[in-house]
Amino acid sequence: PAALLEVPRLGAIGEVPLHHLRLMQWQLRRLRSALFVSRLLRRALVLPPTLCSCELGFFTRHVHEACRAPDHPTLPLPYLCPIDHYLSPAALADSPFAHRERGFLEGKRTAGAEQWRRQVVLPCPAGASCFDGSEGLALATGASEAELVRRLGRVDAPVLHFADIEAALGRFESSAKGAEWHEQAQELLDAYCCTTHPNFMKRGQTVPYILP
């Protein structure tokens, strides 16, 4: 949403960049869904591009009111976040979620290759009569774990592209499994650095990213 891409000035150096955290929450909600769906289908997730609307600092007072470090005046905001600006590469490497780097399908050895042909998956509103067509496969909005696997588990296309990944999975068959996977996904997230807000002093002045 355009409103989430706005970059207001901070009131002071070290202030918590709430606009950035809101943008990250919107994106992390979709990342969580993508991690769950890919794992349920026994596929690897190609990590999506993620935008940051405030630069990551390396020490307290590094980032100024314009949400940039003073030695990076031309940094465009929002910018494409490096993976280690919001995820822990070490945790990601050891996680149960299979994944590929975000540029995997655009690499010299993969871009346009027939073996990476894509199948689009389109959301079908609850109660509606939806059919597969040339534009893609229809998946009921908010499908259960079993419905998702039954509908897409045997699709032979190497790549599935979801038009709305957040609508793809509504619930797990087991609430315990959902809670466990949510915790495993949460462990992948890093934190924003740095703030002078007193509530985060015990966390090394970093603001953790929290999955919705």
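In the predicted model, a disulfide joins C193 to C194, with an S to S distance of 1.6 Å, and both C193 and C194 are buried.

Because C52 lies in strand 2 (residues 51-52) and C81 in the loop between strand 3 (79-80) and helix 2 (89-93), the pair ties together parts that are 29 residues apart in sequence. C52 counts as buried at 2% relative accessibility, as does C81 at 0%. For C54 and C67, the sulfur atoms are 2.1 Å apart, and the torsion about the S-S bond is about -90°, so that disulfide is left-handed. C54 and C67 are both in the loop between strand 2 and strand 3, 13 residues apart.

Turning to the helices, the buried residues of helix 3 (residues 145-152) are E145, L148 and L152. Seen down the helix axis, these residues fall within an arc of 65°, so they line one face of helix 3. What covers them includes helix 1 (18-40), strand 5 (118-124), and helix 4 (175-186). Helix 4 contains W181, which counts as buried at 8% relative accessibility and touches F36, R39, L40, F97 and F172, residues up to four places away in sequence not being counted.

Key:
Residues are numbered from 1 along each chain as its sequence is written. This is a predicted model: local features need pLDDT of at least 70, side-chain atom pairs count only at pLDDT 80 or more; totals for chains, interfaces and linings use all residues. Side-chain values use heavy atoms; hydrogens and water are left out. Buried means under 20% relative accessible area, exposed over 50%, partly exposed in between (1.4 Å probe, protein chains only). Helices (H or I, at least four residues) and strands (E, at least two) are DSSP runs, numbered from the N terminus. The arc is that of the directions from the helix axis to the C-beta atoms. Contact means heavy atoms within 4.5 Å. A disulfide is a pair of cysteine sulfur atoms within 2.5 Å.
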